[in-house]
Amino acid sequence: MSSANVTALILAAGAGTRMKSDKPKVVHEVLDTPMIQLVIAAAEKAGCERILTVVGYQEDQVRAALPQSIECVHQPSRKGTADAVVVAADALADSSGYLLVMCGDMPLLRSATLRQLVAVCQDRCMAVLTAHVENPSGYGRIVRDDTGSIAAIVEDKDASPSELAINEINTGIYCFALDGLFDRLAKIDNDNAQGEYYLTDMVKVCRADNEPVMALQLTDAEEAHGVNSRAQLAQAGTLLQRRTNEKLMAAGVGIVAPELTWISPDCQIDHDVNILPNTIIAKGTKIKSGSSIGPSSRIYGANVGADCVIEESIVRDSTMGDRCQIGPYAYVRPEVTLGNDVKIGTSVEVKKSTIGDGSKIPHLSYVGDATLGTGVNIGAGVITCNYDGVKKSETIICDDAFIGSDTMLVAPLTIGKNSITAAGSTIGEDVPDDSLALARARQVNKDGWVKQNRKEG
């Protein structure tokens, strides 16, 4: 982007009635990310020094989806796109340079495109982002003059037969010079069927001032994909899925079945990570080189070390070191920290715990609110009984302890270094270092009891 100051104004006040939803349209998610966050990210990467969002319908939900740095402007009633810009006049009173007007329901816009649009607008009153599409029905048509600048934007319902044949459309993305913008906006009227003030009428206003209106035509029309329905939301997800996966594969990430892999575009995945089919990697996730994820795994906001394996498992908001093995069918819940070389095996659930280097929980266990040292081995069927119905208590298992199968560890509890609990025990008292703890009833065999007390059917 040039050295000119650029402010972004994102229009997000509409209800999106065709979504048939109680949520405002712009907070619906594409690849685990609210649409408006993807639009904001494009503006930020384009170098916009300031970003404002026009809010209205269900604005509390929209505000909640915005980063704290984003300023909001309230549009009391929705009277059209030009009105949405006018309500930002006070907020923009001291701004100079250029204003990018963007739609909050266009999640596929690229930052490079926005930079190019600003460059096209340099020393001009207005520039419009356009696209050639195979089926322009429903879109405003771009009518150009002999010089190639825009002569008019004609809405589909108002177009003549010759204008309907034009397949260059208005995307609804504009760049304006801020100098004189609001004086020109004041010349727009609402003399139309909808009784609304349209930004497309700025073409007429600029040309009346002998100012040419410039156009930037998209090379990839998919960027202009807007979302007005559930079907278009799903299509946007498919397009962004393909774009994200292609970018990762170009950077050296192995994706076995891109059409069956969903990765949030903000994830950081190193080269030589291998991702198997039916895997979801959600926003905020970071994965280091050499790890294998999937098949059928879901990773949400986790930090995954190098050379880890996560097979048919769920990991949420947790951190793991290098060479960890997760699954199959494991559930790593939030606030778990795994050291290096940790194994969380088949049908194991771990919650809010720290597991030291080399420790293993191979199968069929629940570990919650616990701290495990290094080299700890947890047998099958072990449960940390962390909740007494009122509060959660901690279990501490020190280095090199061995917890026998089917042990119940009743917190608060500390198992000392190099200690052992016998299989089938219920341990409710601290165990010293280098000790064996047994806590199970003595076995009693009663010879002949069955024949004496049960009659054959």
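Author: Let us start with one word: two residues are in contact when heavy atoms of theirs lie within 4.5 Å. With that in hand, residues 24 or more positions apart account for 40% of the contacts in the protein with a separation of 6 or more. Please keep in mind that this is a predicted model, in which local features need pLDDT of at least 70 and side-chain atom pairs count only at pLDDT 80 or more, while totals for chains, interfaces and linings use all residues. Residues are numbered from 1 along each chain as its sequence is written, and side-chain values use heavy atoms, with hydrogens and water left out.

Reader: Okay, and how many helices and strands does the protein have?

Author: There are 9 helices and 41 strands, where helices (H or I, at least four residues) and strands (E, at least two) are DSSP runs numbered from the N terminus. The protein is more spread out than a compact globule, because its radius of gyration is 31 Å, well over the 23 Å that the globule rule gives for 457 residues. That radius is taken over C-alpha atoms, and the rule is 2.2 Å times the number of residues to the power 0.38. Along its principal axes, the C-alpha trace spans about 105 × 55 × 40 Å.

Reader: What share of the residues counts as buried?

Author: Of the 457 residues, 47% count as buried, and buried means under 20% relative accessible area, exposed over 50%, and partly exposed in between, with a 1.4 Å probe and protein chains only.

Reader: Which residues touch the most other members of the largest nonpolar core?

Author: Those are I269 and I344, in a core of 45 residues. The elements that give two or more residues to this core are strand 32 (370-372) and strand 38 (413-415). Apart from it lies another core, of 40 residues, including V6 and I173. A nonpolar core here is a set of buried Ala, Val, Leu, Ile, Met, Phe, Trp, Tyr and Cys residues joined through side-chain atoms within 4.5 Å.

Reader: And what is I344 in contact with?

Author: Leaving aside neighbours within four places in sequence, I344 is in contact with Q325, I326, G327, A330, V332, L338, V350 and I361.

Reader: What about P362, is that residue buried or exposed?

Author: P362 counts as buried, because its relative accessibility is 18%, and P362 is found in strand 30 (residues 360-363). The C-alpha atoms of P362 and I326 are separated by 9.3 Å, with the two residues 36 apart along the chain.

Reader: Changing topic: which residues are buried in helix 1?

Author: In helix 1 (residues 35-45), the buried residues are M35, I36, L38, V39, I40, A42 and A43. Just after helix 1, G47 takes a positive phi of about 95 degrees.

Reader: How many salt bridges does the structure hold?

Author: It holds 15, each being a side-chain nitrogen of Lys or Arg within 4 Å of a carboxyl oxygen of Asp or Glu. In one of them R141 pairs with D156, the closest N and O atoms being 2.7 Å apart. R141 lies in strand 8 (residues 141-144) and D156 in the loop between strand 9 (150-154) and helix 5 (161-164), so this pair ties together parts that are 15 residues apart in sequence.

Reader: Is R141 buried or exposed?

Author: R141 is buried, with a relative accessible area of 2%, whereas D156 is partly exposed, at 23%. In another bridge D145 meets R207, with the closest N and O atoms 3.0 Å apart. That pair links distant parts of the chain, with D145 in the loop between strand 8 and strand 9 and R207 in helix 7 (residues 202-208), 62 residues apart.

Reader: Last one: which residues form a nonpolar patch on the surface?

Author: F402, I420, L436 and L438 do, with about 390 Å² of accessible area together, an area that comes from the Shrake-Rupley method with a 1.4 Å probe, where for residues only the protein chains shown count as cover. Patches are made of residues with over 30% relative accessible area and no salt bridge, with like charges joined within 9 Å and nonpolar side chains (Val, Leu, Ile, Met, Phe, Trp, Tyr) within 5 Å. I420 has its place in strand 39 (residues 420-421) and is partly exposed, with a relative accessible area of 38%.
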